[in-house]
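Please prepare a briefing on the structure shown below, grouped by topic and with the cut-offs behind each term spelled out.

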Amino acid sequence: MNTARKPFRPHASLLRVAAVVASLLSPCIASADPSPVTSIFKPLSAPAEMVYETSLLALLVCAGIFLVVGGLLAYAVIKFRAKPGDDQREPPQIYGSNQLELAWTVIPILIVFVLTLVTARTIADVQNAKLPDGALQVRVVGHQWWWEIIYPEHGVVTANELHIPVSSREQRRPTALKLESADVAHSFWVPQLAGKTDLIPNHANKMWVEPYATGTYLGNCAEFCGNQHAQMRIRVVVESPEDFAKWIADQKRPVVMDPVVRAGHDLFMRTACVNCHRVAGTVAVGVFGPDLTRLMTRATIAAGAAPNKTEHLRAWVRDPQTIKPGCLMPNMQLTAVEVDQIVSYLQTLK
Ligand code: HEC
Ligand SMILES: [Cu+2]
């Protein structure tokens, strides 16, 4: 839809026709869709729009085929149904028709050919898009079952909630994502922002997003990656450039220890927590689990498995297995008092 971005797209007019027809049908599409926030039918980012146009073309072609085949079938069923007084014997059987066989071979081949070309073209457009200099660079590392999010230019590390600036057609601010995996294959999919791209061990993939509206976008790992795969959610928080700059600045502030929670701090620092979690500026330098430096700036814990509220944090630290069975953080066997102390400390990490 953004023509400035794609100067030469001979198939664009085909896609535009599809988009116009689809806009006439869109009330039907929208009402058939139960989850608007993860809908591919409401793209709000450049690559998602391109994927959407192509999928509409495919849907419309299929709808046309359905109407022709279904219509002919209905016509035959009604027109040639048995009527009272008909001769009940089997009618003469006709075998082979070169014209018919040619038609139903050649027409589908042409349709598949057109769809293949349009799809290949869209894939190339998305993959080869030139991002403006200064596009935000983010590394996303898939873990069983959470997302590590790294802003190399800013020295910021967080988890499960990706903050990025909003783009406008006048002032483009796309984000380039470098996708890696720490263990098995995962797939990054936020339907309103872009098509899905896999995270493969030992092989970095890349993709980009360019959202045109602020807000929170939801997604989920889209490659089965183990028993908590369904609870490997990703939230993308798209902010105005000012809010995004403020968020980055907040993430970079040095951590100050609140003396009120010293007991929890000390307990955390002498427990195995520090082997798996990092809190910037402390002895906790583990990288197996999410970075906890700014834990309280996140809306959820454990990749969307629970809201980041006191009760859920307590339940998590007491025994994460009750919230996310099979997850790779063990029950740390803490007493109720210890859990409270540690949670009070965690809640100062903001
Ligand atoms: C063996 C490694 C390991 C140890 C030890 C460990 N954790 Fe974890 N922790 C993890 C992993 C892995 C996750 C991510 C689980 C998931 O989302 O599937 C996690 C998640 C968390 C989260 C949620 C973070 C977020 O943003 O989603 C908190 C809070 C947390 N751990 C606190 C602790 C505390 C406190 C201790 C010590 C009492 C501790 N952990 C010990 C591995 C560990
Ligand atoms: Cu996954």
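W145 lies in the loop between strand β1 (136-143) and strand β2 (146-151), where helices (H or I, at least four residues) and strands (E, at least two) are DSSP runs, numbered from the N terminus. A cis peptide bond, with omega about 0°, joins Q144 to W145. This is a predicted model, in which local features need pLDDT of at least 70 and side-chain atom pairs count only at pLDDT 80 or more, while totals for chains, interfaces and linings use all residues. Residues are numbered from 1 along each chain as its sequence is written, chains are lettered from A and ligands numbered from 1 in the order in which they are written, and side-chain values use heavy atoms, with hydrogens and water left out.

**Backbone geometry**

- Most residues other than glycine have a negative phi, and most peptide bonds are trans.
- A302, in the loop between β11 and β12 (306-307), has a positive phi near 55° although it is a residue other than glycine.
- A302 counts as buried because its relative accessibility is 16%, given that buried means under 20% relative accessible area, exposed over 50% and partly exposed in between (1.4 Å probe, protein chains only).
- Q333, which is found in the loop between α8 and α9, is not a glycine and yet has a positive phi of about 55°; at 63% relative accessibility, Q333 counts as exposed.

**Copper site**

- The copper ion (ligand 2) is coordinated at 2.1 to 2.6 Å by H186 (ND1), C221 (SG), C225 (SG) and M232 (SD), where donors are N, O and S atoms within 2.8 Å of the metal (3.2 Å for Na, K and Ca), and water is not among the atoms, so sites may look incomplete.
- The four donor atoms subtend angles of 92 to 123° around the copper ion, which makes the arrangement tetrahedral, a label given to four donors if all angles lie between 85 and 135 degrees.
- Along the chain, the donors of the copper ion follow the spacing H-x34-C-x3-C-x6-M.
- H186 lies in strand β6 (residues 186-189) and M232 in the loop between β9 (215-221) and β10 (233-239), so the pair ties together parts that are 46 residues apart in sequence.
- H186 counts as buried at 0% relative accessibility, and M232 also counts as buried, at 0%.

**Iron site**

- The protein donors of the iron atom of ligand 1 are H277 (NE2) and M329 (SD), which lie 2.0 to 2.1 Å from the iron atom.
- H277 is in the loop between α6 (273-276) and β11 (300-301), and M329 is in the loop between α8 (320-323) and α9, so that the pair, 52 residues apart, links distant parts of the chain.

**Helix packing and overall make-up**

- The axes of helix α5 (residues 262-270) and helix α9 (residues 336-346) come within 7 Å and cross at roughly 100°, the axes being lines fitted to C-alpha atoms over the stretch in contact and the angles running from 0 to 180 degrees between N-to-C directions.
- That makes α5 roughly perpendicular to α9, a term that covers angles of 65 to 115 degrees.
- The contact (heavy atoms within 4.5 Å) is made by residues including L267 and F268 of α5 and I342 and Y345 of α9.
- The protein has nine helices and twelve strands, and 39% of its 350 residues count as buried.

Methods:
Angles under 35 degrees count as roughly parallel, over 145 as roughly antiparallel, 65 to 115 as roughly perpendicular and the rest as oblique. Four donors count as tetrahedral if all angles lie between 85 and 135 degrees; four count as square planar and six as octahedral if opposite donors are over 155 degrees apart and all others between 65 and 115; anything else is irregular.
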